[in-house]
Amino acid sequence: MIKLYDSGAYLLNGTEIIVDDANASALLQQKVGTAPSKEEAAENTIAYGILKNHNTTEDMQHMKIRFDTLASHDITYVGIVQTARASGLEKFPIPYVLTNCHNSLCAVGGTINEDDHLFGLSCAKKYGGIYVPAHQAVIHQYMREMMSGVGKMILGSDSHTRYGALGTMAIGEGGPELVKQLLCKTYDIDRPQVVGVYLKNKPIPGVGPQDVALAIIGAVFEKGYVKNKIMEFFGDGVSNLSVDYRNGIDVMTTETTCLSSVWQTDEKVKQWYAIHGRVEEYALQQPGKIAYYDGMIEVDLAKIRPMIAMPFHPSNVYTIEELNQNLLDILDEVEKNGVKQLDNNKITFTLKDKVKNGALYVEQGVIAGCAGGTYENICDARDILKGHSIGADEFALSVYPSSQPVFVCLAENGAIADIMISGATVRSAFCGPCFGAGDVPANNCLSIRHSTRNFPNREGSKITNGQIASVALMDARSIAATAINKGKLTPATDIVVEYTNPQYHFNDEVYKNRCYFGFNHADASAELKFGPNITDWPAMSHLTNDILLKVVSVITDPVTTTDELIPSGETSSYRSNPLGLAEFTLSRKDPAYVGRAKAVQQAEKARLAGKNPIEAYEELKEVFQTIQKQFPQVNPAQTGIGSTIYAIKPGDGSAREQAASCQKVLGGWANIAGEYATKRYRSNLINWGMLPFILEQKKLPFENGDYLFIPNISKAVTEKQSEITAYIVGKAMNPFTLKLGDLTDDERKIILSGCLINFYKG
């Protein structure tokens with residue numbers, strides 16, 4: 001089904017894989033009469049060509065990228081614009097799309113969600129942006145339909161910014177990286193490795209794009225096979241997939257932890273652009289005659305079966321057939337691992353109670369968002385649902401078309417009526433089910449979803465309040481098959497159905513009549529509209545030469561998601577209020593964190609106000625006495641005082657910058673980690689002036705509540721020291737070693753400045 005190569009590989013003529021071993025050169029010489037070096041052949045990947053065209057320097061090893069387009073939604077654009085304004089923004093230099101698909105439920109939190117929307121529209125007018133009102137489209141569907149282009153690069157403040165199937169290299173990052181682009185700066189990155197994904201054969205009926213995506217995620221995630229790399233798709237199997245199908249696979253590459261993705265293009269992609277009235281954006285794009293890849297994934301599409309990702313990660317995958325055949329054993333294993341991951345005595349996580357007469361029954365199904373809500377997914381689900389009832393018991397099904405143009409076409413071909421007659425409900429374009437702001441299941445319920453993630457609590461439950469619900473990821477087709485069986489878990493391959501494949505017609509009048517297109521029409525005289533929840537970022541201090549950190553949270557889970565660092569769901573309404581949102585930091589993982597961090601922060605606030613920090617936080621007296629025995633020159637008034645957290649591998653999941661900025665707002669100076677799950681989370685830390693420390697030793701030398709003293713840290717950052725000596729302050733000073741990893745010159749300056757805003761202010 002999925003084969004991972006143990007080494008790099010050459011791709012010959014786009015069809016033949018030659019493993020990078022001792023015989024590779026001879027084979028290449030024999031077949032084509034030449035054997036280029038790996039370095040030369042690596043320049044023949046699609047990814048290399050796109051990166052080169054967007055690199056502003058001649059140095060392809062240390063690139064400085066400028067993007068063609070930016071995209072944000074209503075959880076992130078307020079903070080981005082506020083940061084850019086504080087840093088000198090005058091107008092948007094490139095198209096910047098502001099969509100409203102996350103905080104669409106304007107009743108949540110009073111007026112504040114709609115206040116953000118009015119702010120976004122006023123920004124589009126003042127700075128020259130593109131504004132997509134609520135319910136018109138989810139961010140990634142709009143970008144596919146209106147902004148993608150072969151060979152383009154798009155940067156979005158959402159982790160699922162992926163348009164590779166359309167020939168566009170797109171990257172999801174935290175907001176500060178978009179701020180840099182708005183200020184005509186660059187995205188600085190060392191040249192990423194490229195992993196080839198060779199697709200062959202054709203999926204069997206009933207197997208959808210989510211099945212293929214989950215199979216790939218399950219094969220690569222735990223191994224870190226594509227972490228921070230670019231996945232490049234090619235092979236004879238690509239032509240057997242529709243563009244909608246390819247989009248469905250592509251958007252889920254985020255869950256592999258890759259940096260980005262890109263696909264070869266063909267006539268089907270050209271037709272897709274023509275249907276959307278943008279055929280000029282098409283170009284043939286494929287690897288060169290001999291291309292070298294740093295890894296290779298071979299996917300036999302014909303062997304993929306309907307898949308399910310069990311709680312609580314998209315990589316926790318099984319075939320549905322395997323699950324049904326070994327039901328109690330697998331559920332028992334998922335329960336045990338889930339209890340460890342949840343780490344909360346207030347809740348009881350159970351799945352075996354959903355087994356009736358030897359079958360697993362679920363209470364909810366959802367088909368939604370950038371992954372599930374596409375035209376073909378919903379059409380195929382309609383074909384399964386038509387003429388059936390989902391029943392009048394606990395099971396419920398909701399369907400969210402990904403954009404109004406998709407909705408219009410589904411209404412015209414009768415799909416909406418058929419779906420609704422079955423008992424399912426059809427909603428407008430909304431990302432809420434993906435992050436806990438819509439379709440929150442009842443306590444102890446299991447939801448099956450064609451959406452992007454199934455992390456703990458991401459569906460909206462609160463384990464700190466004794467609530468628990470969970471999500472399993474599946475393809476729309478198997479969700480529909482389960483629906484007609486009244487919630488009995490059923491793979492779509494088990495039912496007989498004729499898929500009608502109705503043709504898609506794109507109607508852009510929807511957007512023309514409602515969206516604001518202001519690029520190149522900035523109006524400096526336009527006033528920004530601020531709601532009462534929209535606040536500026538608080539002042540942040542520069543890095544001092546010495547810092548004292550209190551460890552205020554220790555997380556020993558194998559992976560910590562950004563959802564656990566700053567919860568999604570109802571907290572999203574506070575994303576325009578840095579201080580208000582910060583109150584939710586780690587609330588579902590370590591509820592005591594905020595209080596501990598704020599207590600330490602009192603000392604730093606006193607220090608910055610010219611007062612004695614020890615008087616503000618009395619327990620520091622003994623700490624500084626111990627430090628001064630070894631470092632008598634240390635002055636509390638000149639020592640930065642803050643907090644830090646430790647996690648084994650933080651930052652998996654969302655690109656949301658608030659996972660880092662909320663810690664900073666509460667006085668965080670650093671994270672300490674065994675490794676960082678994604679580049680984007682580490683970048684978020686750096687852009688908010690936080691030190692991304694690496695602790696390589698397996699046994700943790702400190703405990704929660706310990707103080708860590710790090711002398712000469714600003715000097716270490718400036719002089720690019722590879723190792724930094726820190727001290728655990730107890731009755732004595734116990735040294736241990738921290739590392740910072742590679743940092744660009746600008747990243748060092750940002751850390752020294754205290755944050756990106758300070759850096760640009762000078």
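Q: Which residue in strand 9 stands opposite Ile 154?
A: This is a predicted model. Ile 154 stands opposite Ala 170 in strand 9. Strand 8 (residues 153-156) and strand 9 (residues 169-172) run parallel and are joined by four bridges.

Q: Which residue stands opposite Ile 154 of strand 8 in strand 5?
A: Thr 69 stands opposite Ile 154. Strand 5 (residues 69-72) pairs with strand 8 in the parallel sense, over three bridges.

Q: Which way do the residues of strand 8 point, and are they buried or exposed?
A: Met 153 and Leu 155 point one way, Ile 154 and Gly 156 the other way. All of them are buried.

Q: How is a whole sheet described, for instance the one with the order 1-15-11-12-13?
A: Start with strand order and the sense of pairing. Here five strands form an open sheet with mixed pairing. The edge strands, each pairing on one side only, are strand 1 (2-4) and strand 13 (260-263). Neighbouring strands of this sheet are turned by 20° against each other on average, with direction ignored. Within the sheet, strand 12 (residues 230-234) and strand 13 run parallel and are joined by four bridges; Ile 230 has Ser 260 in strand 13 as its bridge partner.

Q: Which strands does helix 8 touch?
A: Helix 8 (residues 209-220) packs on this sheet and touches strand 1, strand 12 and strand 15 (295-300). The direction of helix 8 makes about 35° with that of strand 1.

Q: How does the chain get from strand 30 to strand 31?
A: Strand 30 (residues 668-673) pairs with strand 31 in the parallel sense over four bridges, with Ile 694 as the bridge partner of Ala 673. The chain crosses from strand 30 through helix 26 (residues 679-687) to strand 31, a right-handed β-α-β crossover. In strand 31 (residues 691-694), Leu 691 and Phe 693 point one way, Pro 692 and Ile 694 the other way, and all are buried.

Q: At what angle do the axes of helix 9 and helix 10 cross?
A: The axes of helix 9 (residues 243-250) and helix 10 (residues 267-275) come within 10 Å and cross at roughly 100°. The two helices, helix 9 and helix 10, are therefore roughly perpendicular to each other. Val 243, Arg 246 and Asn 247 of helix 9 make the contact with Lys 268, Val 269 and Trp 272 of helix 10.

Q: How many disulfides are found in the whole structure?
A: The test is a pair of cysteine sulfur atoms within 2.5 Å. Zero disulfides are found. For Cys 101, the nearest cysteine sulfur is that of Cys 431, 3.7 Å away, and Cys 101 is in no disulfide. Cys 431 is likewise in no disulfide.

Q: Are Cys 101 and Cys 431 buried or exposed?
A: Buried means under 20% relative accessible area. Cys 101, at 0% relative accessibility, therefore counts as buried. Cys 431, at 7%, also counts as buried.

Terms used: Residues numbered from 1 in each chain as written. Predicted model: local features only at pLDDT ≥ 70, side-chain atom pairs only at ≥ 80, totals over all residues. Heavy atoms only, no water. Buried < 20%, exposed > 50% of the residue type's maximum accessible area, 1.4 Å probe, protein only. Pairing = 2+ DSSP bridges. Right-handed = clockwise from strand over helix to strand, strands pointing away. Axes fitted to C-alpha atoms, helices over the stretch in contact; angles between N-to-C directions. Parallel < 35°, antiparallel > 145°, perpendicular 65-115°, else oblique. Contact = heavy atoms within 4.5 Å.
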